[in-house]
Amino acid sequence: MSQVPRYMHRHWWKISGIILLAYTIIAGLLGPVPRLPLLQETIRNLYFHVCMWFGMMILFTVSVVQAILYLRKMDRRHDLASRHFAGVGMLYGLLGYATGALWAAYTWADPNIPFAESFSTIARDPKLIGAAISLLVYFAYLVLRDSIPDIDRRARISAVYNIFAYVILFPAIWILPRVLESLHPGQDGNPALDVKNDISSGMRIVFYPAVIGWTLLGVWIATLRIRTELLKEKQYNP
Amino acid sequence: MSELLRKVNIQQAMQAIWTLFKKDLLLEIRQQYSFYGILLYALSTLFVLYLSMDAPEPRVWNGLFWMIQLFICTNAVAKGFLQESRGRWLYYYTLAHPITIVLAKLLFNTILMGFMSLISLILFRLFLGAPFLDPIRFFGIVLLGGISLSLVFSFLAAIAAKAQQNAAILAILGFPLILPQLILLQQISTTQFSGNTDFDLIPVALLIGLDALVVILSTILFPFIWKE
């Protein structure tokens, strides 16, 4: 059983991830950006903040695909992959929240009062609600997982919850911005931002590689954790 | 899986759902303590609210109403799957198709929750006043809300039961997941507090769509968890 999937041994995608991230950081911090009122230089945070959310959604999608594969094949490796891709997705979500809070502190918040005072107003924004809900749902996923001692039952039930949560959650995240008012860029139902209209072409040539780079980094972290788990398993039942 | 996906005779399935539904109803009638328990829960929560504030403004009323609905729902629906013992599951396994079991439970829970919604609406009207203008229409919204809540919580109760957990995990699993529906419901019901008569159908359609999604997901996913 615990054979590591072949793509995890490959080097090319890890190296290209590093190159893309190096390009993101250098071009992101030094490259030209449009001077927009209020945003000014903070717009560079786009390469980090928005990429975290894109990465999170991609990693959660991988996690749910692995959950479906687990239910079809009942192979423990898919369960491990589902768990750890969700874990890294949550890490990205938390980082996305942190970078977003930093950004909001310099743009949306009233500079005359402490940021903590304006946080409750800012957090009511539909995109932040959606982000908070998805993080809570996946925290609940981890709680559910850890509450079941039996390995097979744990894998099966958490896969079912993962699929159920994902299918309810993602339409909701796309719906909520349509019915609630928002300050956040990307109106009319887009949960993050409208890449075609919201940012200039000069920024897009950094933004797209940044998304791919951060996602590859996330996949790398997840595969390392999966491989450690598989090794642990091998150690205990050789 | 293949044996589960074999052609299901619709008429037989309907009959099985009806029988299972009747069984749940009969159990509820024979063991009335749980029904009265939920009723008492609603009444005493509301009475605490009534004593701690008088005549809340519409926004607060709305928030309180849906929060109470949420708590009533977790209590009312949790029992459905959690009451089934391991032995009884084995018995069902020999008798019925999982899809009929889950559909019967969903049906029973929606009716139970619809009834509870009506009662809590009446209690709210009596104790905390009524900011809504059209009682019939608002009752429709409340009914729709009760159905949405009970569908999501029914399936989560199945998960909680199969994880051999108590009702506490139901709240942990359910509260984040129900938030989108709750936000939509609050949006719909706040439109009923102001004088404007036009009624936005989009959130209602979205809610019904989400409900349909939950039913479809439950029928697809339940066969995977019901077997030990």
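Mentor: What follows takes the interface and then the cavities of a predicted model.

Trainee: What makes chain A and chain B count as being in contact?

Mentor: Contact requires heavy atoms within 4.5 Å. On that rule 26 residues of chain A are in contact with 30 residues of chain B.

Trainee: How do you know how much area chain A and chain B bury?

Mentor: The size of an interface is often given as the accessible area lost when the parts come together. Here the loss is about 2700 Å², summed over both sides, because buried area is defined that way. Carbon and sulfur atoms carry 82% of it. In chain A the residues that lose the most area to chain B are A:Arg153, A:Phe164 and A:Ile168, together 23% of what that side buries.

Trainee: Which elements of chain A make up the side that touches chain B?

Mentor: Helix 5 (126–147) and helix 6 (151–179) of chain A each give two or more residues to that side. Helix 6 of chain A supplies the largest share, 15 residues.

Trainee: How many salt bridges and polar contacts join chain A and chain B?

Mentor: A salt bridge needs a side-chain nitrogen of Lys or Arg within 4 Å of a carboxyl oxygen of Asp or Glu, and the count between chain A and chain B is zero. For polar contacts, the rule finds three residue pairs across the interface, both residues at pLDDT 80 or more.

Trainee: Why are some spaces in the model called cavities?

Mentor: They are called cavities because a 1.4 Å probe fits there but cannot get out. Two cavities of 30 Å³ or more are counted.

Trainee: What lines the largest cavity?

Mentor: Its lining includes B:Asp24, B:Lys79, B:Gln83 and B:Phe108. Helix 5 of chain B gives the largest share, four residues. By class the lining has four nonpolar, four polar and four charged residues.

Trainee: And which residues line the second largest cavity?

Mentor: Among them are B:Leu20, B:Glu84, B:Tyr92 and B:Ile101. Helix 1 and helix 5 of chain B each give two or more residues to this lining. The lining has four nonpolar, no polar and four charged residues.

Methods
Residues are numbered from 1 along each chain as its sequence is written. Chains are lettered from A and ligands numbered from 1 in the order in which they are written. This is a predicted model: local features need pLDDT of at least 70, side-chain atom pairs count only at pLDDT 80 or more; totals for chains, interfaces and linings use all residues. Side-chain values use heavy atoms; hydrogens and water are left out. Buried area is the accessible area (1.4 Å probe) that two parts lose on being put together, summed over both. A polar contact is a pair of N or O atoms within 3.5 Å; within protein, one must be able to donate a hydrogen and the other to accept it, and residues adjacent in sequence count only if both atoms are side-chain atoms. On a 1 Å grid over the protein atoms alone, a cavity is a set of points where a 1.4 Å probe fits but cannot get out, and a pocket is an open set with protein on both sides within 12 Å along at least five of seven lines; lining residues have an atom within 4 Å of a point. Grid points are joined across faces, edges and corners, and a volume is the space filled by probe spheres set on the points. Ala, Val, Leu, Ile, Met, Phe, Trp, Tyr, Cys and Pro count as nonpolar, Asp, Glu, Lys and Arg as charged, and the others, Gly among them, as polar.
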